[in-house]
Amino acid sequence: MAPQTWHYGLVAKWWAEFLEGGPEIDYFRRFIERDGQPALDVACGTGRLLLPYLRAGLDVDGCDVSADMVALCRERAEREGLAPTLFVQPMHELDPPRSYRTIVVCGGFALGSDRAQDLQALDRFYEHLEPGGTLVLDNEVPYADSQQWQRWLREPRTEPRAWSDDDRERRRASDGTELALQSRLLALDPLEQRATLEIRARQWRDGELIAEEDHTLDIGLYFTNELVLMLERAGFDVVAVNGAHEERAATADDDFVVFVARKPVSVA
Ligand SMILES: C[S@@+](CC[C@H](N)C(=O)[O-])C[C@H]1O[C@@H](n2cnc3c(N)ncnc32)[C@H](O)[C@@H]1O
């Protein structure tokens, strides 16, 4: 089955309008500058990382499974006179026009794909890196959200949280409409290590609700040692497991860990 993400329509618009900045940008950039170009930003979304890299003159391509996200990324790039190579592809079928010294994946791994596809994605990253090239991939740990972590237990099983009607969640977009986004956990399967989330995106014009979209997203939950084994299985040497998009070893307090994995220079 094709991976099903929720980054379409109003959700994609929200990303393009409001999601900018963050410590991830400089963190991943240092690897591209140090470990080499060209680089590929997998799951580039609307270009939160990619656009600053292009502005800085780095040679970076972008790909994403969502045509809506890629279209908005292209639009934003063109507005600045930039013409990046962008393509729509699920990462487990990655087939880029060239090979890379560095591949970065920020916030995009295991969203809507199944376990076999996640393993395939790691194989694809390996295949499309040059020998000695580096993969930098982040992962939110399964215990990052304390409410979600409770759902790993058989008890208590709670009903999904009700949608909120709190108007303070609305934000004004550049076209004058207002947007609000909220998400909730629907289910968690600890055996399969999968969580099902639901998102509701709404849009108002002059105070009147003009659009409402609901999407679900089934995400794979991976523990750190498990991902290390998966990367090794794909042929990578895991050279570092960093914490929270900082160049230091991850600790148990980190919500995000980042895997720095190298494709060996000579493959036996
Ligand atoms: C949380 S956003 C992160 C976007 C961007 N990397 C950033 O940090 O701003 C996740 C992105 O992953 C993309 N995505 C989800 N599943 C994917 C897949 N199987 N292959 C490629 N992209 C995927 C979504 O479409 C979305 O743009």
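The entries below begin with the ground rules and then go through the backbone, the helix pairs and the pocket.

**Ground rules.** I am working with a predicted model, in which local features need pLDDT of at least 70 and side-chain atom pairs count only at pLDDT 80 or more, while totals for chains, interfaces and linings use all residues. Residues are numbered from 1 along each chain as its sequence is written, and side-chain values use heavy atoms, with hydrogens and water left out.

**Backbone.** I looked up the peptide bond from Gln37 to Pro38 and found it cis, with omega near 0 degrees; Pro38 is in the loop between α2 (23-35) and β1 (39-42). Helices (H or I, at least four residues) and strands (E, at least two) are DSSP runs, numbered from the N terminus. I also noted Ala43, which has a positive phi of about 65 degrees although it is not a glycine, and which is found in the loop between β1 and α3 (50-55).

**α1 with α4.** I found that the axes of α1 (residues 9-18) and α4 (residues 67-79) come within 9 Å and cross at roughly 30 degrees, where axes are lines fitted to C-alpha atoms, for helices over the stretch in contact, and angles run from 0 to 180 degrees between N-to-C directions. The contact (heavy atoms within 4.5 Å) involves Gly9, Ala12, Lys13, Trp15 and Ala16 of α1 and Asp68, Met69, Leu72 and Arg76 of α4.

**α5 with α7.** I recorded an angle of about 55 degrees between α5 (residues 115-127) and α7 (residues 224-233), with their axes 9 Å apart. The two are therefore oblique to each other, a term for what remains once angles under 35 degrees (roughly parallel), over 145 (roughly antiparallel) and 65 to 115 (roughly perpendicular) are set aside. From α5 the contact takes Arg115, Asp118, Leu119, Leu122 and Asp123, and from α7 it takes Glu226, Met230, Leu231 and Arg233.

I then turned to the second largest pocket, whose volume is about 150 Å³. A pocket is an open set of points on a 1 Å grid over the protein atoms alone, where a 1.4 Å probe fits, with protein on both sides within 12 Å along at least five of seven lines, and lining residues have an atom within 4 Å of a point; the volume is the space filled by probe spheres set on the points, which are joined across faces, edges and corners. β8 (194-205) and β9 (208-220) are the elements giving two or more residues to the lining, and β9 supplies the largest share, three residues. Among the lining residues I listed Met1, Gln4, Arg194 and Asp218.
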